[in-house]
Amino acid sequence: MRHQLRICFLLLILTCRAIAAVEFDLEPKIPPGYQPVDANTEKGIWAELHDYEREIQNSALLVTDREINQYVRNAACRVAGDYCSDLRIYIIRNPYFNASMTANGVMQVWTGLLVRVSSEDELAAILGHELAHYTQLHTLERMRSLKNSMSTGAVFDLGLALLTGVSVPVGQFAAVLNVLAYSREQEQEADLLGIKFMAAAGYDPSATIRVWKAVIEEEENAAVKNRAPGIFSKTHPGADERVEILESFVPQQYTNLTPDPQGRQKHVDMLNRYYMMLMEDQIDTNRHGRTEAMLRNHQAIGVDSNLINFFWGEMYRQRNLEGDLDKARKSYKLATRGDKPVAEAYRNLGYIHLKERSLPEAKHYFRKFLEVQPDADDRAMIEFYLQEKQP
Amino acid sequence: MILTITRNNLIPGALSLLLLSACAATSNVKQVDRLDAVEEDPVILIMTPDVKYYLLTAGGVSEPHAEWTEAARKNFSTALQEYAKERNIKIITPPIDRQLDDTEVMYQKLYSAVGTSILIHHFGMMKLPTKQGSFDWSLGQGTQAIADKYGADYALFSYYRDYQASEGRVAFAVLAAVAGVGISTGHEAGFASLVDLRTGDIVWFNQVTIGSGELRHEDGARATIDVLFENMPEG
Amino acid sequence: MNKVLFSIILSLSTVACMPAYVAVAPGNINYDGLIIKTDQAWNLAPTISTPSARKGSKVWTQDGILLDRIMIIPAVADGESLFTTTSKDQALPAFKADMLPNEIEELTESSLVKLFKEGEVVVQTSNLRPHRFGEHNGLLFDMNVAVSDGPNYRGITGALVVDKKLYLIFFLGAEPYYYRKHIDEALVIIKGARV
């Protein structure tokens, strides 16, 4: 055991040295405003990517809301610096963790990622990481090498479809994801250059460590591990190993780490604003372990407690194990405190009491619900219950 | 190993779609008969073709679509305009790269479902008994909006899909295969239609299998156009 | 799973005996205790066209299930799902006999997400309201299904619980045109269903 530890330690030191050397030399390989040079290989790729971007623009899953787009775009632009005008950012409504960037500047972020990261720094960490894959031409390299080995133009689309996920179901094509996964070297390069981008933009580089750890933790909390793998985890392998390396590297390189409280607040503000949509999608996935992990995280970073409690209620209610209904009730009650009660919490409390056949309490909550949300779209149903007579 | 690829090829895709192979159905003659009164000078709008590929096996596709180059696109466009000029057919070919407006996107998506349904239920073996062989599929009168925007009487829609991966659309692949609609081992399903923009009715429908790159040659492009328009209604 | 299914189907297509759509004449039909009444002729889809349909459920269409479909799901018992799973980790939610209308609405919504493939679809339900199916209380709600690669679908669901079993019918029609084309008859069928 000690023998192994020593070897691990030795390897770590060697790697650190190697990383330090790499970091010194790491610069973007392409300039801002990069356009394809090789007419045959790349023009074809460029045309494919252009068509694919149009598909994203026409997608029914594209999120067009202004504030959330502004938030993500500002973060991306800040990280990208001079590369900002090369980027087009698209937010896709998909409850899983993924972000990707094509070789022509199309950056895609899934809503599942936005609800899992804890701060703008962590978002910047992912965006910086993807940007680095772009500036180092990793995506292009992968596609080219795949093209050669498969001798078919299909590989570009394959890569795009999987990376962007616009019309690819999560959890499928696991075998292919392995083929498309970035190599260890590419991943490390992206981690390190990504950190460089982040730090230059004034973000906290240690956010990278936190975000990879969160990805790992969520996998651990999932009841079904690695059978419905995240696309992101699969295409960005070796999270454990890289966290280890980053944990020694980052404090070494960046000694004055002062997390910007503004960064966290902006992110929490965005979460508060979109929480209902983001967490409703998560609840719909019916994966309670993962939902729990997310709620705990949101609690820790200061998302509005009423909102969090409401979704604890939702999770317990859906899970419906022994004792869960009671837990749901308690959570919903907490969600109605203060001057910003979550209206649906009243409604669901009404339903819980209805289930327990305590009609007067149910009516009390239903009335409160309609008070707070007079334009409720299920008003007809609620009023039906308000009319019910005790049997 | 199942791979998914996606590509939105433009006019060249439409061309190879429209190449008739031995398997292509010939029931399109019936559809022509649906036209009772053709416009004296029909104006036909060429809609952006809707093409996506899903490979079944790694490296299984023989035609690398990256080779459908801009030369092919140019050839098609030229051949199409020559043909149209000779026959006095007015065609409108909006810029390939344009961003479609919401209405066009909506009808492109609806067309994918309608066309596939026709492929499966009319040409294929999964007939719908209530139709009793009649052909009444339509996009609905709302297509008038497209007619108004472009000043066209008809629109040529084209579509190509290979094997589908998603559950919600497993109906496509499963049905298409079961229907036996000329699906070769490439598992392709493609079709083109002429839509009367005033009513939304599909007045001409043809099912095709993927071409073999004749678009890259000028005469190949021209020959394809001839075939494409062979059974089309003329003024 | 799809690969296996696909090859089975390919081999099937070379066999003379093929699954087919069957005409359903107007009138009353009893599916596992759920009585449906219609004035129009419909086409009943063969099971192979709807691999996720659980045993006993039926799918009707007039123009093709990609354009319009009425799905009839009778007698779902406590602990059962609305659809069958196609993979073990799909996490399909289950019906519970003491479910209230809002929970049935949620059950349908999250089941449809799984049916159409999570990450590829956004299902929205709204306008939950009570409806009396003969002598039983039940519910209705509207639906909107946006898929990533296809037309938008609009529809309606009707459901009731009798003797601890759920009876559910929904209609989905492609937009534009097909939803409008069939919604009137769909409402007649759904609202007129009896147990």
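Student: What makes the order 1-3-2 in chain A a sheet with mixed pairing?
Tutor: It is an open sheet of 3 strands with that order; strands (E, at least two residues) and helices (H or I, at least four) are DSSP runs numbered from the N terminus, and two strands pair if DSSP finds at least two bridges between them. Strand 1 (88-92) and strand 2 (99-101) of chain A each have a single partner strand, so they stand at the edges with one side lacking a neighbour in the sheet. On average, neighbouring strands are turned by 15 degrees against each other, direction ignored. This is a predicted model, where local features need pLDDT of at least 70 and side-chain atom pairs count only at pLDDT 80 or more, while totals for chains, interfaces and linings use all residues. Residues are numbered from 1 along each chain as its sequence is written, and chains are lettered from A and ligands numbered from 1 in the order in which they are written.

Student: How do you know that strand 2 of chain A pairs with strand 3 of chain A?
Tutor: There are 3 bridges between strand 2 and strand 3 (residues 106-110) of chain A, and the two run antiparallel. With at least two bridges required, they count as paired. A99(A) stands opposite V109(A) in strand 3 of chain A.

Student: Which strands does helix 5 of chain A touch?
Tutor: Helix 5 (residues 120-135) of chain A packs on the sheet against strand 2 and strand 3 of chain A, its direction making about 25 degrees with that of strand 2 of chain A.

Student: Why are helix 17 and helix 18 of chain A called roughly antiparallel?
Tutor: The axes of helix 17 (residues 343-355) and helix 18 (residues 359-372) of chain A cross at roughly 160 degrees and come within 8 Å. Axes are lines fitted to C-alpha atoms, for helices over the stretch in contact, with angles from 0 to 180 degrees between N-to-C directions. Angles under 35 degrees count as roughly parallel, over 145 as roughly antiparallel, 65 to 115 as roughly perpendicular and the rest as oblique, so helix 17 and helix 18 of chain A are roughly antiparallel.

Student: How many residues of chain A score at least 70 in pLDDT?
Tutor: In chain A, 74% of the residues do, and the average is 80; pLDDT is the predictor's confidence in each residue, from 0 to 100. Over residues 149-178 of chain A, pLDDT stays under 50. Where pLDDT is low, the predicted coordinates should not be read in detail.

Key
Contact = placed C-beta atoms within 7 Å.
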